[in-house]
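Biologist: I am new to this one, so could you walk me through its aromatic rings?
Modeller: Gladly! Let us look together.

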Amino acid sequence: LALVAPLADGIEALRKELTDHNMQGFWDMGRELDEFAFKEPRGKFQPYIWKWDDISRLLGRTSDLVGLGGHGETARRTLRLVNPALRQSSNSMTHTLHTSIQLVNPGEVADAHRHTMGAIRFVVEGHDTFTTVENEPFPMEPGDLILTPQWTWHDHENKGSGPMVFVNGVDSPLMQYFGCWFTEPFPDKQQLWTKPVDFTRQHLGLLRPAGRHEPQDVAFRYPYTEARAALALLADGPGDPHDGVLLEYVHPVTGGHTLPTMSCLLQMLRPGERTQAHRHTSSGMFHVVEGRGVTVAGDVRLEWERGDCFAVPNWTPHWHENLSAEGPAILFIVSDRPQLEAFGLYREMSEEEHAAQLAARR
Ligand SMILES: [Fe+2]
Ligand SMILES: [Fe+2]
């Protein structure tokens, strides 16, 4: 006892002096001595689904109560999807992705601005509706994907007679983490159309202006008619046991991921198809474009139908099933995989491989 007491006093005195000087001993950081024993990450948020019935009903009420414009109104009439596990932190759908549903009524314009956040728009409803990026109009028809890469001017306009509704995917949690949140309003309400529709597409085809150095961040539109036809062409093939038939919307210049921070994908589950479970360090947002089915993520069962949005966390085993025996189910996905790959952190394995790995370490 005579030996222990001075030692304890000594540690306590050291701890206090370290605190006074804004330092901390590694042994005191709430970790055990097995710090570097075999460990795996847990999902950073919870699997969760937002039903389209709720989204559309609440978007309708928002339309009645919230104007679009200046002077006490809002610059963007959007409903943010907030993961219950992230309500006190990033207030976003996943730990790396902010997702919201946006409504622009006939005759309305969501004012032009730009920001360091990169964004994608996936159209749910709209005809004669446009997102203008860097003075080029991009038509927005249901199922189309439109990119508004970081620091590009963009505004949204509804020239049609019905509502314009789209899903926003924005990398804002990452910008928040880096402390790189820059935004800037455009001098006018909206940009002039100085380029024709399909200007960028024509310049990035197999025939390009000679000697032109292509920018890395280009706005682009991927029409649903083309994406759907590409899926149909692959539907007779074997597909992937974990992903069914999966297409990526590749970057039009590099052929790599859609944007530096986000990968957009379109997944088809053929009638009755059920995938095998796997897991990966990336996480994702899913939006149901066609059909109905179920996704099981960890121990959570998410039953989905057209319009629903759901989130699948990182390193969480998951599988999907198309509950229709007649028609395909189609899911639009935004994944943070490029962020993981940028740091060499992307890992993916089947549940069989994972079980074998755990057994080998016991
Ligand atoms: Fe924006
Ligand atoms: Fe997956």
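Biologist: Is Trp50 buried or exposed?
Modeller: Keep in mind that this is a predicted model. The relative accessible area of Trp50 is 12%. Because buried means under 20%, Trp50 counts as buried.

Biologist: How many aromatic pairs does a search of the whole structure find?
Modeller: Ring centres must lie within 6.5 Å to pair. With the whole structure searched, the number of aromatic pairs is 10.

Biologist: What kind of aromatic pair do Tyr48 and Trp50 form?
Modeller: Their centres are 4.9 Å apart, with 70 degrees between the planes. Planes over 60 degrees apart count as edge-to-face, so the pair of Tyr48 and Trp50 is edge-to-face.

Biologist: And how many residues apart in sequence are the parts that Trp153 and Phe186 tie together?
Modeller: These two rings also make an edge-to-face pair, with centres 5.0 Å apart and planes at 70 degrees. Trp153 lies in the loop between strand 8 (145-148) and strand 9 (154-158), while Phe186 lies in the loop between strand 11 (183-185) and helix 4 (199-203). The pair therefore ties together parts whose separation in sequence is 33 residues.

Biologist: Which ring does the charged end of Arg274 sit over?
Modeller: A charge over a ring has to be within 6 Å of the ring centre. For Arg274 the distance is 3.7 Å, and the ring belongs to Trp319.

Biologist: Over which ring does the charged end of Lys159 sit?
Modeller: Here the charged end is 5.1 Å from the ring centre. The ring under Lys159 is that of Trp193.

Methods: Residues numbered from 1 in each chain as written. Chains lettered and ligands numbered in written order. Predicted model: local features only at pLDDT ≥ 70, side-chain atom pairs only at ≥ 80, totals over all residues. Heavy atoms only, no water. Phe/Tyr/Trp six-rings, centres within 6.5 Å; stacked < 30°, edge-to-face > 60°. Buried < 20%, exposed > 50% of the residue type's maximum accessible area, 1.4 Å probe, protein only. Helix = DSSP H or I, 4+ residues; strand = E, 2+ residues; numbered from the N terminus. Lys NZ or Arg CZ within 6 Å of the ring centre and 35° of its normal.
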